[in-house]
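Please keep the sequence and the 3D view at hand while reading.

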Amino acid sequence: MSKRDPLAIRGEYAVVIGGSVAGLLAARVLADHFERVTVVERDHFPAGDGMRKGVPQGLHPHVLLARGREILETLFPGLTDELVAAGAVRMNFTADLLNLSPMGWGVRFPSAIIEPALTRPLLESRIRRHVAAHPRLSFVEGCDVVGLLAAHGRDVDGVRIRQRGQTEGEGGVEDLAANLVVDASGRTSRSPQWLQELGYPAVAETVINSFLGYSTATFEPLAGFEPGWKGLYIQPAPPTHLRGGVIWPVEGGRWMVGLVGMARDYPPTDEAEFMAFARSLRTPIFYEAIRNMRRLTPIAGYRTTENRLRHYERLVAWPGGFVVVGDAVCAFNPVYGQGMSAAAMGALELDGALGELAADGATGAWGQRFQKRLAARNASVWQLATGADLRSPATEGALPGPLDRLMYRYLDRVFLRSTVDPQVALTVVEVLHLQKPASALLHPRILWPTLQGVSRSTSHPQPT
Ligand SMILES: Cc1cc2nc3c(=O)[nH]c(=O)nc-3n(C[C@H](O)[C@H](O)[C@H](O)COP(=O)(O)OP(=O)(O)OC[C@H]3O[C@@H](n4cnc5c(N)ncnc54)[C@H](O)[C@@H]3O)c2cc1C
């Protein structure tokens, strides 16, 4: 990240649309390059770490991957300790998490991958607190951005905002002029329509949908329940096992229990059916664990989980003064826990691009270069998420090719080896945590032991 050097300030005023994770991180890096930055959010932020309407996914487990946490710590020094002080559970991902991969139980051993496990609202509120304390950053809450301003041709020079609850023609409308507008408004972003209104062509989209749903509730343990693990993850293993679940520790001595089902085998939100679904997973450990817990919240469902990639990088013309980041560009099937970390990687990319801003500011050519950089950065994460989803025959949007099928066969052997071999297991976890590229799984240190194979009888039939 650039040093906060006043000479590095290149623009007067930037506006960010959306105050969720991608918007907050974008705002933080913009503050190193602009005199003032305003985040416009349609919600009123809750006091403390409460839920809010604009981020309904906050009711579901959110895993903060190692790469994402490292970037957050760079942007907000001391954040990890603050999260732990607020009750986040320090989770050693190779020792404390009982993980049933498609090929068996992961071998358990201590490693340096120790990350805070917590609720999404707690994480977002602590990031927001840092942003709010920054002298160049401010919020406009309870206002929708309803359009882009482009007073001088087709370049963007601000946004139109309207107070929540007001309809068109009722007032409550204001224009904010800005040198740069960053759209971080998530999956439902209206940038494709806004760009078309300015005369730009339609944005191509790739959608790969495994039709996965979540059902989640928060539980507390009954007295005496000490399972010998901090978290439990039963991965779906398509095409044979389309169901999975996670028991995720969060602040306050509670666990979030999330069930997932692919191929429209959506988990239910009715109590009895929820328990029956949990009982149907491919190990009894999950069901036995939640029988030792008491449910504290209603069961919430969620089904908008398709991988959605908007190809802004392909547009041949791009407006000055405008970029798009986060889920608004590339949203992943959340079951792989990548969205917030990809947003963090995108914020670093934005910081790098802002460092290259010339005296003429955020021109269309600059914005176009940034969208291409971001697309390249997202590509490997997209590959991991969609590659896994395409193993389910019910997934729509693409078909696995011969190379993919070859790779699946190899990965199955890697996963099998990772049930007995800590070195292979560690590399798998590092790849899934976006610390290493997927190509690390082809390194000779992984390839040779993988090719030696493991007979299923020597892999762990039970968690160890
Ligand atoms: C069920 C589920 C589970 C997930 N689990 C994980 C996980 O384990 N790990 C992980 O890293 N990620 C996970 N994710 C993904 C993660 O939530 C997102 O990737 C992350 O929040 C970054 O998204 P974002 O900030 O781009 O958009 P969002 O989080 O969708 O936020 C968009 C924001 O913009 C605001 N907004 C929208 N339109 C306007 C407008 N016109 N004007 C003003 N404000 C507007 C919204 O109110 C909201 O605050 C999960 C997602 C889901 C759905």
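Pro239 sits in the loop that joins strand S14 (231-234) to strand S15 (243-250). The model is a predicted one, and the peptide bond leading from Pro238 to Pro239 is cis in it, with omega near 10°. The points below cover the backbone, the domains, the ligand and the cavities.

**Backbone**

- Ala263 is not a glycine, yet its phi is positive, at about 55°.
- The loop that holds Ala263 runs between strand S16 (254-261) and helix H6 (271-279).

**Domains**

- The protein chain is split into domain 1, domain 2 and domain 3.
- Domain 1 is made of the segments 6-62, 122-205 and 308-385.
- Domain 2 spans 211-302, and domain 3 spans 402-452.
- Between the C-alpha centres of domain 2 and domain 3 there is a distance of 27 Å.

**Ligand: polar contacts and cover**

- For Arg52, a polar side-chain atom is placed 2.9 Å from an oxygen atom of the ligand.
- For Asp327, a backbone N or O atom is found 2.8 Å from an oxygen atom of the ligand.
- Val21 also has a backbone N or O atom facing a ligand oxygen atom, at 3.5 Å.
- On its own the ligand has 1000 Å² of accessible area, and the protein covers 95% of that area.

**Ligand: the surrounding shell**

- There are 33 residues around the ligand, and those that come nearest are Ser20, Glu41, Val63, Arg120 and Met340.
- At least two residues of this shell come from each of helix H1 (21-30), strand S2 (34-41), strand S8 (143-149) and helix H8.
- Sorted by class, the shell holds 14 nonpolar, 13 polar and 6 charged residues.

**Largest cavity**

- Searching the whole structure gives 3 cavities of 30 Å³ or more.
- The largest cavity has about 80 Å³ of volume.
- Its lining consists of 13 residues, and Gly50, Met51, Arg52, Pro121 and Glu124 are the ones nearest the centre.
- The lining of the largest cavity comprises 4 nonpolar, 4 polar and 5 charged residues.

**Second largest cavity**

- The volume of the second largest cavity is about 60 Å³.
- Residues lining the second largest cavity include Val325, Gly326, Asp327, Cys330 and Phe332.
- Also in that lining are Gly339, Ala342, Ala343, Gly346, Leu374 and Asn378.
- Two or more lining residues come from helix H8 (339-354), and likewise from helix H9 (364-389).
- The element that gives the most to the lining of the second largest cavity is H8, with 4 residues.
- By class, the residues of this lining are 6 nonpolar, 4 polar and 1 charged.
- Asp327 belongs to the lining of the second largest cavity, and a backbone N or O atom of Asp327 is 2.8 Å from an oxygen atom of the ligand.
- Helix H8 likewise has a part in both places, as it supplies residues to the shell around the ligand and to the lining of the second largest cavity.

Methods. Residues numbered from 1 in each chain as written. Predicted model: local features only at pLDDT ≥ 70, side-chain atom pairs only at ≥ 80, totals over all residues. Heavy atoms only, no water. 1 Å grid on protein atoms, 1.4 Å probe; cavity = no way out; pocket = protein on both sides within 12 Å on 5 of 7 lines; lining within 4 Å. Points joined across faces, edges and corners; volume = space filled by probe spheres on them. Nonpolar A, V, L, I, M, F, W, Y, C, P; charged D, E, K, R; others polar. Near = heavy atom within 4 Å. Polar contact = N/O pair within 3.5 Å; in protein donor to acceptor, adjacent residues only side chain to side chain. Areas by Shrake-Rupley, 256 points an atom, 1.4 Å probe, with all protein chains shown as cover. Domains from an automatic or database assignment.
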